[in-house]
Amino acid sequence: MVESALKLERARYERSALVEWLTTVDHKKIGILYFWTSLAFLLIGGLLALLIRTQLIVPENTFLGPEAYNEVFTMHGTIMIFLVVMPLNAAFFNFLVPLMIGARDVAFPRLNAFSYWAFLFGSLLLLSSFLFGAAPDGGWFGYANLTSSRLYSPGLNIDFWVMGLQVLGVATLASALNFFVTIVNMRAPGMSLMRMPVFVWMTLVTAVLILLAFPSLTVGLVMIMFDRYFGTNFFNPAAGGDPVIWQHLFWIFGHPEVYILILPPMGMISEILPTFSRKPLFGYTFVVFAGMVIAFLSFGVWAHHMFAVGLGPVPNAVFATTTMLIAIPTGVKIFNWLGTLWGGAIEMKTALLFAASFIAMFTIGGISGVMHASVPVDYWQTDSYFVVAHFHYVLFGGSLLAIMAAIYYWFPKMFGRMLDERLGKLHFWLTLIGFNLTFFPMHFLGVDGMPRRVFTYSADMGWDLWNLVASIGAYLLGASTLLLFVNMLTTLRKPADAPADPWDGRTLEWAIPSPPPAHNFDVVPVVRGRDAFWIEKYGAEEVVGPAPERHGAESGHNPHNSGSGNEVGHGSSAGHGQAAHIHLPPPSWFPLTTAAGLTLMGAGMVVHATESLASLGFPIVGLGIAMVVVSLLGWTFEPIHEESHA
Amino acid sequence: MSDGTAVGHAPEAHHTTTGISHNKMLMWAFLASDCMFFGSLIWVYMVYRGRSLEGPYPQEILNIPYTSVSAAVLLLSSLAMVLALHGIQHGNMRRFRVWLGATAALGALFLGGQYFEFTEFYHHGLSLEQNLFGTTFFVLTGFHGTHVGIGIIWLVTLILMSLFGRLSPADAERVEIAGLYWHFVDIVWIVIFTLVYLIPY
């Protein structure tokens, strides 16, 4: 009797743990959800990459047919961009940004949960295409009118792509709105803009880029959807429509997207390099402004993806010039990172190795980027493996290596456990070697004329050797990625004993325990300069601004603030702020149900495109709309200030 | 820091770094993004302007006097919106409800006009599939109409909330934010009206 009651009690407890994750609005938990979800998608995207490399390992291979190959490279690109790198960045935005600016959560915790669930469901909608044997096969860029006409893409493949990406676009926009407001509006006292950690700066710039670039993709996708479903003529040449319009819309989004993928990783290494050099970031102001200049210029370079379209010499020359200009702020950043390492007391931790290799690998990708900024050179290199080599050096050698560095650096903060350094270093070296073996030979293949997106090549082209090398490198890279998972999973089985500040960090997240308590900061920290936590620990060697006045009635209640700046943040409190009653928003089901309704709308559209179930399509869309409306009403009237913690 | 004994009100709940509330800043950021959304739609309309291969062409079918009236209706709704906000800011809930109701009604009148216009065009042979003009016109003005429709639902929700006592003069900013959205949708219509209707083909 007692035992069964206990069992029941336990079952209730266990279910409520699941419910807690489904309804959480805590930015740290949402960050962890993003983290594991996108790492799972990394395995899927990586597996697809291995399929590509297996197909190309020998000439005239029959491992994958041309149709399957189209699906595999399309999904590899789409997954890695929208389901891996962007959400991994979002995992760190979520976990770190509120901690770094001394806030208790993001500005809109429920909207944040909605972003995650819409991301998850949108991804599952996209991936479910595999179950129906209809994975998208039009490239991640989905060029019209191949994608906009059912004549040329009759299956459900493109429908899954269009609907999945629209759901993901809503998730991304909601997230960008949230982080924009959070960073602008929720900084701790004294955290002026120019005292923000560079990672927070790059998150802010990325949020602005998303807000201004994603609508163009949304409009393009809506037009493809209308062409496919309602017979419009947006990209139909027979009615005077122009498929090149899609290319403009796509790349006006697509080029800022490249910086949406790379700026947050640049922010990550701008935190990691100073910590392991035990020096402040060299040229902080330049790094921040270079990020803004890159973001600004990114809206003026889209047509370099279209040099071969035939826009004419004047547009091509203009876009070649703006593209080359981007090398200047990027070069500024690279030299600032080198300046940070220069003369530093460098600690060769795994995180630093990944961060330093980022600089080298990203520079290679940057230089090949400047090469095809030149129009005649681009005519030669476009659609060849040279371009594949280029963007893998910036997206893998850049974004992913920096994210790996971030995983090793912030894992203790997220999970309270230190990753194994020996396994980490093995992971690093295998990754670096495997990466270069895979992608460096593609430069040679590209200049020799091997085309992208073609499922095989003839034996007499002389491309056997470098393709073999690239494939071996890819297997090595796959094995090294498994080492990361082994490291993480074995580490999670160990006791949570990571100290609050294992690396002698500089920013506020290190001032609180690992992992942080639900309310983050016992007292709202007061910020007296850049590298806020470093100043609290060691005092300021350079000029530090005066301690800010606390706003409102609390000013004057804080004797510590007038100190010389030498007190060490004690225990779990960062800086010295006032204690206040802490409100935490209660959990909510509505973000999840709103996201589910939204995805149902997308799924209904896909159903409508089937032959046998078409009549069910619009009712499902209607159900989705009803679900969104009811959820939003519930959301609006749900009380949000009930629970309180101390 | 122990339970319940701490200071009564959480100051950070009301304080923001810029002094602008989270909700209002969210709306401004959303409107910036929405500018790019309409910007893209309008850009595509302008690129395809006058490139239809067959009729009906815009000059045969657009009824400028009619649409001028419906544009005026929408612009008047902005005036009503301002008066509604003024009402709630000065604690006059009756005036607030009357003018917000007028705003929603004028918006609905505009939508009704658009419905009539669309049917009329359809009877003249203009459809989504017919030509580039039909494609771009219906999608652009249709998305604008959807924005108006969402705005009407929002305004009606605010009126209902005030009737059930869940909206007081202390919540005037919620009305102000709805107003930002409403005025934005109006301004977009001025641009669309000018580019689609007024400039001769």
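Student: What should I keep in mind about the model before I start?

Tutor: The model is predicted, so local features need pLDDT of at least 70, side-chain atom pairs count only at pLDDT 80 or more, and totals for chains, interfaces and linings use all residues. Residues are numbered from 1 along each chain as its sequence is written, while chains are lettered from A and ligands numbered from 1 in the order in which they are written.

Student: Let us begin with chain B. How many helices and strands does chain B have?

Tutor: Helices (H or I, at least four residues) and strands (E, at least two) are DSSP runs, numbered from the N terminus. Chain B has 6 helices and 0 strands, so its order from the N terminus is α-α-α-α-α-α. The radius of gyration is taken over C-alpha atoms, and the globule rule is 2.2 Å times the number of residues to the power 0.38. For the 201 residues of chain B that rule gives 17 Å, but the radius of gyration is 21 Å, well over it, so chain B is more spread out than a compact globule. Its C-alpha atoms fill a box of roughly 75 × 35 × 25 Å along the principal axes.

Student: What share of chain B is buried, and what share of its contacts join residues at least 24 apart?

Tutor: A residue is buried if 20 or more other C-beta atoms lie within 10 Å of its own, exposed if 12 or fewer, and partly exposed in between, with C-beta atoms placed from the backbone. By that count, 32% of the 201 residues in chain B are buried. Two residues are in contact if their C-beta atoms, placed from the backbone, lie within 7 Å. Among contacts in chain B between residues at least 6 apart in sequence, 82% join residues at least 24 apart.

Student: Where does B:L167 lie, and is B:L167 buried or exposed?

Tutor: B:L167 sits in the loop between α5 (132-163) and α6 (172-198) of chain B. With 21 other C-beta atoms within 10 Å, B:L167 is buried. Beyond four places in sequence, B:L167 touches B:L158, B:M161, B:S162 and B:R174.

Student: Now chain A. How is chain A divided, and which elements of domain 1 touch domain 2?

Tutor: Domain bounds come from an automatic or database domain assignment. Here that gives domain 1 (2-492) and domain 2 (590-645) of chain A, and 28 Å separate their centres, taken over C-alpha atoms. In the contact between them, 18 residues of domain 1 of chain A meet 15 residues of domain 2 of chain A. On the domain 1 side, α4 (109-127) and α5 (157-185) of chain A are the elements that give two or more residues, and α4(A) gives the largest share, 8 residues.

Student: How many residues of α4(A) are buried, and what span should α4(A) have?

Tutor: The expected span of a helix is 1.5 Å times one less than its number of residues. For the 19 residues of α4(A) that is 27 Å, which agrees with the 27 Å between its end C-alpha atoms. Of those 19 residues, 16 are buried, so α4(A) is largely enclosed by the rest of the structure.

Student: Which residues touch the most other members of the largest nonpolar core?

Tutor: A nonpolar core is a set of buried Ala, Val, Leu, Ile, Met, Phe, Trp, Tyr and Cys residues joined through C-beta atoms within 7 Å. The largest one has 239 residues, and A:F180, A:A355, A:F358 and A:A405 touch the most other members. Helix α6 (residues 198-230) of chain A gives the most to this core, 23 residues. Both domain 1 (2-492) and domain 2 (590-645) of chain A give residues to this core, so it lies between them. Leaving aside neighbours within four places, A:F180 is in contact with residues including A:L204, A:L211 and B:A29.

Student: Which backbone features deserve a look, and where are they?

Tutor: The peptide bond from A:A144 to A:N145 is cis, with omega near 0°, and A:N145 is in the loop between α4 and α5 of chain A. A:D383 is not a glycine, yet has a positive phi of about 60°. A:D383 is partly exposed, with 14 C-beta neighbours inside 10 Å.
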